[in-house]
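Hi,

Here is the structure I promised to pass on. Have a look, and my notes on its pockets and surface follow below.

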Amino acid sequence: MGAELRRPPPAALAWLTWGLLASLYFVGYFQRVAPAVMVDELMRDFGIAATLLGNLSAIYFYTYAAMQIPSGLLADAVGPRRTGAAAALAAALGIVLFARADSFWLAALGRGLVGASVAVAFVACMKLAGHWFPANRFATVTGVALLIGNLGGALAGVPLSEAVADIGWRRAMLLSAGGTLLLAVAVWFWVRDDPGDRGFASYAHPEALNGAGMTPLRSLGRVLSERDTWLLFFAGGMIAAPVLTFAGLWGVPYLVQVHGMTRSGAAGFTTTMLLGFALGGLLLGSLSDRLQRRKPPYLGAAVVHACGWLGFLFLPQASTPSLYLLFALIGFSAGGLIIGFAFAREVNHPGVAGTVGGVVNMAVLGFAAIQQSGVGWILDRQWAGGGVAGARIYDAAAYHDAFLWLGVSALGAVVCVALTRETHCRLRVDPPPR
């Protein structure tokens, strides 16, 4: 039967296929923010202070960011299934290396391998979504990916904190490595790159099925030559970095040391931010698809996000319920960055969908790595000498100065989104240059 007579894949099959690969993003997000509830243990076990701890956490982000463009090229050239299965296997090995490390450098090597491996997850998910779902659902599906990822982040909050207290951080990490290995097997045997491989019609634009005949270098050049790619690159990075810096590493020690919370209680606050992030990605992405507009909802979210951080930095100390609400608002508005991925896909040729996703996502993690290390450096510069059981304690003034850069970053994102040009949710289909 000709392809034109095939029916689209059933929704259940599409979501199961895509969701299985998206589970690697769940693993990646869990590993991304896990150090936030192990700060004291990592400082003590490896004999490090805030700067090196920031670097240990950030090495995940550096390797993740460095792999984004290669991940996009691999997703376009090799396909999400092979790329995802190999990445899950490598991630499991990296987690084991981190969990069994007896030195800072070996732990950093493990974290780096994990970051480089799971780097393919989000980009591969976006590539797969373009084949298994219609184009006008792309931002919604991408929002679901963010939801799945942030559920991994939530698991790395209170549940991981309790697990670390009960069985230790090393055993907790080894358990996660086992789950990741099982995922590698499942992706290899179930996921297919296109519905055509299971006898259904593909949603992919014809130009996307063969990459429009472009070589990897031509695909990358095409993406980098587009003005709005760069604006969306910086916007996404400057929105995501404050959330990943605070909820992913420095929020828990700040709330414990400055506000006197327990570690599990502090993890509950940062988890609230991550859950807001997840819900915001889903709802704001869906809103953008429904409105058939990209710029207005993205710009509105960026403005609210910036106001949230400025309120956190400069308003008088909030009550516990107000702080929960503020963190939820900051996270929810940050979810608007999901619109940027659909936005970037539409300002570029459909044959380079994986590549453009990798380019934009590189900023999301790369900027977070810089901010995590930068916050640690500022804290160490202002350390007054206090400590408990081998872990340094920092005062409120030091944290405030370090967190100022989170607000500056959020304001920069507003400027970048304001300069973009609306696509009205339409793919660019002009032929690539010869």
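Helix 19 (396-418) gives the most to the lining of the largest pocket, four residues. Helix 13 (227-259), helix 15 (295-314) and helix 16 (320-334) each supply at least two. (Helices are DSSP runs of H or I, at least four residues, numbered from the N terminus.)

Before you go further: this is a predicted model, where local features need pLDDT of at least 70 and side-chain atom pairs pLDDT 80 or more, while totals for chains, interfaces and linings use all residues. Residues are numbered from 1 along each chain as its sequence is written, and side-chain values use heavy atoms, without hydrogens and water.

Back to that pocket: 17 residues line it, with Tyr254, Phe312, Leu315, Pro316 and Gln317 nearest its centre. Its volume is about 380 Å³. (On a 1 Å grid over the protein atoms alone, a pocket is an open set of points with protein on both sides within 12 Å along at least five of seven lines; a cavity is a set where a 1.4 Å probe fits but cannot get out; lining residues have an atom within 4 Å of a point. Volume is the space filled by probe spheres set on the points, which are joined across faces, edges and corners.)

The whole structure has three cavities of 30 Å³ or more. Helix 1 (11-33), helix 17 (337-346) and helix 18 (353-381) each supply at least two of its lining residues.

Cheers
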